[in-house]
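Subject: Structure handover and notes

Hello,

The structure is below, and my notes on it follow. Please read them with the coordinates open.

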Amino acid sequence: MEVDAQAAQQQAGTTADQPSIRVLALYCTGSSDETDEGFDPPESSNASLLTVRPGVQVEIMRGPSLDEFSARVESYKPTFVYISGPYSGLVDSIKGAIGPITLQGKQVTPGELLTALEGAPLDTVYLDAAGQEKVAELLRAKGVPNVLFWSEDPSGLVAAHFASIFFGTLALEGSVSLLEAYALALFSTQAHLGAKVDGKLTMPNMPDLLTGPADDPDGVSLALPDNASVPLPQLPGLDLTRGVAAAVEGWMDVRLLAPRAELRLQIGGGSSMVDAGRLSYLGEALRALLVLEVRRARLVSANPPSRLPSHLQEGCSALLCEVATSSGATVRVVLGGRPSVLSNQQLVEHALRQTLVADALSLQFRLPPPGVPLPLPRASQDVLGGCPCVDTLLLTSVWAVGVLRQLAQSAAYRGLVSLGIGSVGGAPVAGCKPADASRLGVIVTGMRGGVLLTEELLANGLPIDGISGSLVGGIPSSNPLAVPADPPIAPHNCGRTPISDVKEEEFMSDLISFLSHRRGRYIDRSKFPDAVLNGMTLDLFGLYKEVVTRGGFRVGNGINWKGQVFGRMRNWTANNRQTGVGNSLKKHYANLLWEYEQAHPQDVVVDRCTLCGRGEEAGATDWIACDSCNSWVHFSCDKRPNLGTFDDYANAEQPRSYKCPNCARAEARAAGRGAAAAARAAAAAAGGDEAAVEAAGAAAAAAVEAQQQQQQQQEAKAMES
C-alpha cells in the first residue's frame with residue numbers, strides 16, 4: 001500500500017498553524033536565611049520543558065518586583081502563568097516547604113496579584129505556593145478556565161515532583177490536554193510519594209485543579225487517555241457520528257495480532273516499591289504514556305506479510321504495518337481484518353491507532369508469587385544518577401517493548417524518567433537530568449546532598465527510611481493478587497470499547513468471536529447463551545461487568561455473588577425464590593467468562609479499600625462504591641455515625657446513596673466556599689465596603705467550618721469505640 005505522507009500528517013493532527021501558548025514562569029525568592037535552592041532550580045525549570053512543544057513560548061522571571069512582574073504581564077500577554085513560591089528548609093530540611101507568593105521580601109496580597117494579571121488572555125494559572133485558595137477562586141470567578149493551587153501548604157519535594165511530571169507530560173506532544181497531564185502527575189506522585197500507614201497507601205497532599213463549569217469548582221474527574229481520545233478519521237461520504245463500527249462494514253473484524261512479551265524495568269525505589277498499590281498507580285501512568293505515543297500514530301508502510309497468520313478469521317486478510325509513534329519510535333505490527341477495510345489507508349491507520357491503544361491498556365506489572373522474597377534495591381551511577389532502583393517485571397506486547405526501548409534511548413524524551421523509571425531492558429534511560437536524579441534520590445533515601453550507597457547498606461536497608469519507607473528489602477510477597485507464574489491466556493486484542501462504556505451488543509459479539517476462536521467451533525448468536533437463570537436467559541453482560549469491577553473471578557468468595565452481583569443483573573426479580581444462585585453464577589462464569597476475563601486484563605478493577613488499604617484479602621465482603629468518585633470501601637471500615645446498615649445500600653430495589661469520607665469532606669468544603677461566596681455577594685449587593693464583604697464571607701465560612709469540626713469529632717469518637 002502506498003502511504004500518502006501529506007494525508008498521514010493531517011491524520012496525525014499536526015498543522016503548521018498551531019495556536020501560540022505563551023508561558024510566563026515566576027520564581028519567588030525569600031529572605032536569605034529562609035531560602036532553599038529547592039529541587040528544580042529556575043535555570044533548568046520545569047516550565048522550560050514546554051519549549052519543545054510546538055507553538056509554545058516560555059519566559060522565566062526570578063525575584064522581580066511586583067511592578068516589574070505587572071509590566072511584563074502587560075507586554076508579554078501570557079496565556080499560561082506559573083508562579084512558584086519561595087522554598088524554605090527551616091521547617092523540614094529534607095523535603096522543604098513552599099511559602100506564599102513573595103516578591104523582594106514582601107508578600108503579595110490576592111488583590112495585588114489579580115491586578116498584576118489583569119488584562120492577560122489567561123487560559124491557565126498554576127499557583128505553586130502556599131495560601132492561594134482564595135486567589136484561585138477569584139481567578140475562576142474572573143473567567144480563567146483552569147487554575148491549579150494548593151488547598152493545604154505544600155511540601156517542597158511533593159510540589160517539585162508533581163510539577164516536573166505535569167510539565168514533562170504537557171511537553172510530550174501537542175495533543176496532551178491539561179487534564180491528562182494533571183491526572184498522570186497525580187498517579188505517578190502517588191506511586192512514589194504515597195506513604196504506607198498501617199498497611200494502607202495514603203495519598204500525599206496534592207494540588208487541586210479547578211476546571212470545567214465555573215459554578216462547579218469540584219467537578220473534576222481524572223482523565224487518563226484511552227480509546228476515546230483517538231481522533232476520528234476523515235472519510236468523505238461516511239457519517240461517523242455514531243462511530244466507525246456503525247459506518248464501516250467489517251470494522252468489528254479488525255484485529256491486532258500482537259504476541260506478548262516480558263520486559264524488565266528498574267524503578268527508583270526500594271523493595272516496598274514492588275507493591276500492588278504502588279505498581280497499580282505506576283501501571284496506570286505507564287499505560288497512559290503508551291496511549292499518548294500511539295493514539296496519533298502514523299502509518300509509514302503497509303504490505304502483505306510473507307505468510308498469512310494461521311489464526312485469522314474466515315474471510316480476513318492481514319497487513320504487515322510499519323508505524324511511527326508521536327515521539328518518533330517505529331515498530332512493525334500485523335493487522336488483520338476484512339480486505340474492504342485493509343484496502344483503505346485512512347481506515348488502516350485508524351484501526352492501528354484504536355487497536356494499539358486498546359493493547360497498550362492491557363500492560364501490567366507482574367508481582368512476585370506469594371512467598372517469593374521481594375527484590376533488593378541496587379545502585380549504579382549510570383541509572384538515575386546513582387539513585388537506588390529495584391527490578392520489576394512488565395507484561396505487555398512485543399511492539400510496546402520496542403517502543404519503550406526506543407524511548408529510553410532518547411535524551412529528549414521525558415516521559416519515562418517522570419515516572420521514576422531508570423532503565424528499560426537493562427539500558428539506562430537517557431532522559432534523566434541531574435535535577436531528576438537529585439529529586440528522586442531524596443524521595444528514595446530521605447537524604448539531601450547525596451549518600452554513599454554501599455552493597456551492605458543496600459542489602460540491609462538505609463539507616464533511615466526513605467520518604468515513602470521504600471528501602472526496606474527482602475520481605476516475602478504476601479500479595480494474594482500477584483500475577484501467577486504460569487503464562488496467562490494471550491490478550492484478545494480486539495479493539496473493543498472499554499468495559500466501562502461498551503454496549504451489550506458489542507460485548508456479546510466480541511465474546512462470541514473470542515470463544516469461537518478459542519474453542520474451534522461456530523457459536524450461533526441467536527442461541528447463546530443456552531443457560532437460564534430465574535426463568536430468563538442468563539445476562540452474561542451484566543454478570544461480567546459486575547464481577548470484573550469487583551476484582552475479577554480470582555476474588556472468588558470475596559464477591560457477594562447473590563447479594564450484589566445477582567441484584568444488578570436482568571435475571572433478578574423482587575419475588576425471586578431460587579436457591580443456590582451464588583454457586584450457579586460462579587459455575588456459569590467459570591464456563592463462559594473466565595477465559596475471556598484473562599484475555600482482557602484491562603477490564604479487571606483490582607480494588608483497594610480507600611479506608612483500610614486492603615483488598616479482597618481482608619476477607620470482608622461488604623464492598624460499597626462511592627457514588628461520587630466510584631472508589632470502593634469496606635462498609636465495615638467506615639465508622640461514621642448514622643450511616644445505617646450495609647443492607648440499606650446493598651438493597652438492589654431501593655439502595656441508599658453512599659459517599660465516602662473523602663468525598664463527604666470535599667462536598668463540605670465546597671459548601672463552605674459556596675456559603676462564603678454567597679455571603680460576600682449578598683454583602684456587596686447591600687452596598688457594603690470591602691471589609692464588610694470579607695467579614696461576611698469569613699463569618700459564613702467559619703460557621704460551616706465549625707459544623708465540619710463537630711462532625712469530625714463525632715467521627716473520631718466513633719472510630720475510638
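Helices (H or I, at least four residues) and strands (E, at least two) are DSSP runs, numbered from the N terminus. This is a predicted model, in which local features need pLDDT of at least 70 and side-chain atom pairs count only at pLDDT 80 or more, while totals for chains, interfaces and linings use all residues. Residues are numbered from 1 along each chain as its sequence is written, and side-chain values use heavy atoms, with hydrogens and water left out.

Backbone

Most residues other than glycine have a negative phi, and most peptide bonds are trans. Asn534, in the loop between E22 and strand E23 (536-537), has a positive phi near 55 degrees and is not a glycine. Leu384 is another non-glycine residue with a positive phi, about 50 degrees. Leu384 sits in the loop between strand E18 (364-366) and strand E19 (389-397), and is buried at a relative accessible area of 3%. Buried means under 20% relative accessible area, exposed over 50%, and partly exposed in between (1.4 Å probe, protein chains only). The peptide bond between Phe528 and Pro529 is cis, with omega about -5 degrees; Pro529 belongs to the loop between helix H15 (504-519) and strand E22 (532-533).

Helix packing

Two packed helices are described by the angle between their axes and the distance between the axes. Here axes are lines fitted to C-alpha atoms, for helices over the stretch in contact, and angles run from 0 to 180 degrees between N-to-C directions. Angles under 35 degrees count as roughly parallel, over 145 as roughly antiparallel, 65 to 115 as roughly perpendicular and the rest as oblique. Contact means heavy atoms within 4.5 Å.

Helix H8 (residues 276-294) packs on helix H11 (residues 398-409) at about 90 degrees, with the axes 11 Å apart, so H8 and H11 are roughly perpendicular. H8 contributes Leu286, Leu290, Glu293 and Val294 to this contact, and H11 contributes Trp399, Ala400, Val403, Leu404 and Leu407. By class, the contact of H8 with H11 has eight nonpolar residues, no polar ones and one charged. In this count Ala, Val, Leu, Ile, Met, Phe, Trp, Tyr, Cys and Pro are nonpolar, Asp, Glu, Lys and Arg are charged, and the others, Gly among them, are polar.

H8 also packs with helix H10 (residues 345-360), at about 170 degrees and with axes 9 Å apart; H8 and H10 are therefore roughly antiparallel. The residues in contact are Arg287, Leu290, Val291 and Val294 of H8 with Arg353, Leu356, Val357 and Ala360 of H10.

Cores

A nonpolar core is a set of buried Ala, Val, Leu, Ile, Met, Phe, Trp, Tyr and Cys residues joined through side-chain atoms within 4.5 Å. The largest has 141 residues, and those with the most contacts inside it include Phe69, Phe166, Leu286 and Trp399. This core lies between domain 1 (21-211) and domain 2 (250-450), because both give residues to it; the domain bounds come from an automatic or database domain assignment. A second, separate core of 31 residues includes Leu538, Phe553, Val565 and Met569.

Leu24 lies in strand E1 (residues 21-27) and is buried, with a relative accessible area of 0%. Beyond its neighbours within four places in sequence, Leu24 contacts residues including Met61, Phe69 and Phe80. His588, in helix H18 (residues 581-592), is buried too, at 12%. Not counting residues up to four places away in sequence, His588 touches Ala531, Leu538 and Leu593.

Regards
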